[in-house]
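Please look over the sequence and the model first, then read the notes below.

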Amino acid sequence: MEENMEEGQTQKGCFECCIKCLGGIPYASLIATILLYAGVALFCGCGHEALSGTVTILQNYFEVVRGPLDSLDVFTMIDIFKYVIYGVAAAFFVYGILLMVEGFFTTGAIRDLYGDFKITTCGRCVSAWFIMLTYIFMLAWLGVTAFTSLPVFMYFNIWTMCQNTTAVEGANLCLDLRQFGIITMGEDKKVCTGSEKFFKMCDSNELDLTFHLFICALAGAGAAVIAMVHYLMVLSANWAYVKDACRMQKYEDIKSKEEQELHDIHSTRSKERLNAYT
């Protein structure tokens with residue numbers, strides 16, 4: 001009987017501990033972090049492969065040749081974009097962890113563990129700092145989303161022409177890279193409808209795959225923007241929480257100080273009355 005009671009108390013203690021741990025998880029920050037990681041991973045992975053596919057299309061079908069190493073051509077720009085993608089993936093992986101730590105820092109479990117004073121003195125400044133950074137990153141991701149829509153638009157035009165080869169037959173339409181600013185005006189790199197290169201490009205897997213990879217990269221950038229907006233709401237709520245906690249802490253300090261003064265006054269008067277009777 002006693003063993004069953006001990007087992008029941010142990011299970012109850014484990015259940016309460018699990019409930020306490022689950023209650024300390026910042027679910028809003030967790031959802032925003034998952035969305036941020038998914039968006040960044042989709043943008044970086046698909047964007048990197050789409051850029052590689054763009055290089056293949058330019059070399060195989062438009063016959064664009066890579067220039068010297070010290071020249072700034074389209075291939076050099078693509079390599080720079082790839083390195084930027086590496087940096088974005090690493091930076092926002094760390095930033096997501098920091099925001100999750102900030103979310104845990106302002107939960108009730110951490111407050112109960114370390115007390116209100118440490119949260120209100122440090123957490124308020126941390127939340128304000130993260131709000132400013134997240135707002136800047138949201139604007140940056142808006143710019144990235146707008147920039148990513150450009151190759152999607154270009155590939156959509158090419159993909160539409162390939163899907164309607166019979167409709168554009170005899171129209172003598174050409175895809176000139178000078179229209180997109182990829183090459184200089186002095187070069188003549190274009191593919192016209194009805195040519196062998198045009199049909200080979202339309203039948204290849206590189207065009208269709210690269211187009212859909214850029215669409216996925218655009219969707220990832222949009223998801224990152226939504227994650228930044230979600231983080232702004234969470235951080236604003238946390239900042240308001242620690243601000244109210246700071247005011248409540250000051251109120252409790254003043255209240256306890258006044259109660260102590262009243263207690264001292266009553267003690268002093270009691271001693272005076274006792275001395276007067278004696």
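How many helices and strands does the secondary structure of the chain come to? The answer is seven helices and two strands, in a model that is predicted. Along the sequence they run in the pattern α-α-α-α-α-β-β-α-α.

**Confidence**

- The chain has a mean pLDDT of 79, and 68% of its residues reach 70 or more.
- Confidence is highest in α2, with a mean of 92.
- It is lowest in helix α4, residues 108-114, where the mean is 49.

**The chain as a whole**

- The chain has 278 residues, and 32% of them count as buried.
- Taking contacts between residues at least 6 apart in sequence, 79% join residues at least 24 apart.

**The largest nonpolar core**

- In soluble globular proteins, nonpolar side chains tend to be buried together.
- In this chain, the largest nonpolar core holds 50 residues.
- The members that touch the most other members are L36, F62, F92, W141 and M201.
- At least two residues of this core come from each of α2 (27-60), α3 (74-105), α5 (116-163), α6 (196-203) and α7 (205-277).
- Helix α7 gives the largest share of the core, 13 residues.

- M201 is in helix α6.
- M201 counts as buried because its relative accessibility is 1%, and the cut-off for buried is under 20%.
- Not counting residues up to four places away in sequence, M201 touches I57, Y61, F62, I158, L175 and L207.
- The C-alpha atoms of M201 and W159 are 9.9 Å apart in space, while the two residues are 42 apart in sequence.
- Leaving aside neighbours within four places in sequence, F62 is in contact with I57, L175, L177, K189, K190, V191 and M201.
- I57 and L175 are among the residues touched by F62, and they are also among those touched by M201.

**Salt bridges**

- Side chains of opposite charge can pair when their charged atoms come close.
- The count of salt bridges comes to two.
- One of them joins the side chains of E63 and K197, at 2.7 Å from N to O.
- This pair links distant parts of the chain, with E63 in the loop between α2 and α3 and K197 in helix α6, 134 residues apart.
- E63 is partly exposed, with a relative accessible area of 41%, and K197 is partly exposed at 32%.
- K200 forms a salt bridge with E196, and their closest N and O atoms are 3.2 Å apart.
- Both K200 and E196 lie in helix α6, four residues apart, which is about one turn of the helix.
- Is E196 buried or exposed? E196 counts as exposed because its relative accessible area is 57%, and exposed begins over 50%.
- K200 is partly exposed, with a relative accessible area of 46%.

**A nonpolar surface patch**

- F93, V94, I97, L98 and V101 make a nonpolar surface patch of about 440 Å².
- V94, one of these residues, has its place in helix α3.
- V94 counts as partly exposed because its relative accessible area is 46%, which lies between the 20% and 50% limits.

Technical notes: Residues numbered from 1 in each chain as written. Predicted model: local features only at pLDDT ≥ 70, side-chain atom pairs only at ≥ 80, totals over all residues. Heavy atoms only, no water. Core = buried A, V, L, I, M, F, W, Y, C linked by side-chain atoms within 4.5 Å. Buried < 20%, exposed > 50% of the residue type's maximum accessible area, 1.4 Å probe, protein only. Contact = heavy atoms within 4.5 Å. Patch = residues over 30% accessible without salt bridge, like charges linked within 9 Å, V, L, I, M, F, W, Y side chains within 5 Å. Areas by Shrake-Rupley, 256 points an atom, 1.4 Å probe, with all protein chains shown as cover. Salt bridge = Lys/Arg side-chain N within 4 Å of Asp/Glu carboxyl O. pLDDT = per-residue confidence, 0-100.
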